[in-house]
Amino acid sequence: MYDIAVIGAGIAGSYIARELTRYKLDIVLLDGENDVGNQITMANSAIVHAGFDAPASKLKGKFNAPGNIMYEKVCEDLDVPFKRCGSLVVAHNEYEMATIQELYQNGLKNGVPGLQILFKDEVHAMEPNLNEDICGALYAPTAGIVSPFELCIHAAENAVDNGVTLKMNHMVSDIKNHHGYFEIITNAGNVEAKYVINAAGLFADNIYAMVGEPYFKLLARKGHYFIFDKEAGSLVNSVIFPCPSKKGKGILVAPTVHGNLLIGPDAEPVSYKGDIATTGERLDYIKENALKNCPDLPFNKIIRSYAGLRNTPVRDTYTTTDGDFIIEESPVRGFINVAGYESPGLTSIPAVAHHVVENIVKPMIPHLEENPDYNPKVRKHLRFDEMTEDEKVEIIKEDPKYGKVICRCETITEGEIIDVIHRSAGARSVKAVKKRTRAGMGRCQGGFCSPRVVEILARELNVPLDDVMYDQQDSAYILSGHTKSVKEEA
């Protein structure tokens, strides 16, 4: 029996599991997917928000700015690319400037450092490619950009290295409360734990309903995005937000930490929590609204469009949108909900995880002992394209596979792909390799490198080629069999 079971290996569950390893606890991290960070964490705006917009009275306001401050240390320990590029909330008229002033005052209440209200000339000096009619902006220098799926993967890897048991492809179908421990029923076997942390993303309401009377519901919203080629990556230097409305933060334009340009998302309510299909109508909406702030967007440089899901929490009678995180021990003793985890959840996670462990878990489990072997750092990931020429020569001498470039768009080598396959929380699918190395994220979107990635996965995992999946277990196959025998080919 485990001390704690964490359900959901997205950014919330993976990071909380890592934080728990600071103490002597037997922890299991469960997820129904084939890889960690495969749902909400995989497809979001990748913004580390400064923290000026969430009301100070809400948990979002409480955790955003402190989480932001922790990011340098977190990303250094977990070897994740992170950049403080700053953000601008832009205004086109006096009415929007009044909203800018409100955001500024709220940011001061939340303890956001360095906020400035800029006027037209200052905005255009900082961002010359913005629309000429922008008359001012709120500048937040502490805002940044990160790779959310790499952060999640490395947090899970570090958790496993510190003793967490990771169980992927364990879809939870029921939970039995034995009043002293929980029995978690999954498609791959049952798991017993004294305590449960429910971090199941969009499905956290479904998970809680297995043990208690529902008191919150999660409504799914779909957001569309475009990714531009790196040729367009320098069009803006900062994260550009429109002035927010009651509908949300609007369509942003932002550089990515890997040098691309991103625009999106919209917020389309959907009834099916697995609906990530894109539609031309919503993609056109993204383009139309992004152009209002950045009129020179080169749409001929788009390399990918996609959609991701996020949730809106609704409490009690399901008639009032609460709009805040749900982070608490539930009415069921020993069962903790970390739900309704929408923006700024990615930014807040270092502070939220600390709060969950120190203020919720520790009072439940008396006499917790610190783990003397806890190591917050992951083993460095070798990124061939970022090495000096001398470093490249040395690593190729040590292992010639680092001299074989598999993904030409991103200059990803065979050595890097083999490394991520054999790490803790290692890659088991083409998409998992893509998330860890960026092989397939370049201009050709895997058109040339994917067959080689399949071959490497099959060889390193010692499985047939047609057993290698693109993504999860029920995803479409890549190969279905031989088209002709070796003898016929000869």
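Is Tyr341 buried or exposed? Tyr341 is buried, with a relative accessible area of 12%; buried here means under 20% relative accessible area, exposed means over 50%, and partly exposed is in between (1.4 Å probe, protein chains only). Keep in mind that this is a predicted model, where local features need pLDDT of at least 70 and side-chain atom pairs count only at pLDDT 80 or more, while totals for chains, interfaces and linings use all residues. Residues are numbered from 1 along each chain as its sequence is written, and side-chain values use heavy atoms, with hydrogens and water left out.

- Helices (H or I, at least four residues) and strands (E, at least two) are DSSP runs, numbered from the N terminus.
- β1 runs parallel to strand β12 (residues 191-198), with 5 bridges joining them, and Val6 stands opposite Ile197 of β12.
- β1 also pairs with strand β2 (residues 27-30), again in the parallel sense, over 4 bridges; here Ala5 has Val28 as its bridge partner in β2.

- β21 is mostly covered, with 5 of its 5 residues buried.
- Phe335, Asn337 and Ala339 point one way from β21, Ile336 and Val338 point the other way, and all are buried.
- β12 turns up again here: 3 bridges join β12 to β21, and the two run parallel. Ile197 has Ile336 as its bridge partner in β21.
- β20 pairs with β21 in the antiparallel sense over 4 bridges, and Glu329 has Ile336 as its bridge partner in β21.
- The β20 and β21 pair is a hairpin with 5 residues between the strands, and Gly334 in the turn has a positive phi of about 85 degrees.

- Three strands make an open sheet, in the order β3-β8-β4, with antiparallel pairing.
- Its edge strands are β3 (47-48) and β4 (82-83), each pairing on one side only.
- β3 and strand β8 (residues 144-146) share 2 bridges in the antiparallel sense, and Val48 has Gly144 as its bridge partner in β8.

**Aromatic rings and charges over them**

- Rings of Phe, Tyr and Trp (its six-membered ring) pair if their centres lie within 6.5 Å; planes under 30 degrees apart count as stacked, over 60 as edge-to-face and the rest as tilted.
- By that rule there are 9 aromatic pairs.
- In one of them, the ring centres of Phe325 and Tyr341 are 4.8 Å apart and their planes sit at 35 degrees, so the pair is tilted.
- Phe325 is in the loop between β19 (320-321) and β20 (326-329), and Tyr341 is in the loop between β21 (335-339) and α9 (345-364), so the pair ties together parts that are 16 residues apart in sequence.
- Phe325 counts as buried, at 1% relative accessibility.
- Phe182, Tyr208, Tyr215, Phe216 and Phe335 form one aromatic cluster.
- A charge sits over a ring if NZ of Lys or CZ of Arg is within 6 Å of the ring centre and within 35 degrees of the ring normal.
- Arg18 lies over the face of Tyr15 at 5.4 Å from the ring centre, and Arg282 lies over the face of Tyr285 at 4.7 Å from the ring centre.

**A buried loop residue**

- Leu130 has its place in the loop between α5 (120-126) and β7 (136-140), and Leu130 is buried, with a relative accessible area of 4%.
- Leu130 and Asn293 are 163 residues apart in sequence, yet 5.6 Å apart in space, C-alpha to C-alpha.

How values were computed
Pairing = 2+ DSSP bridges.
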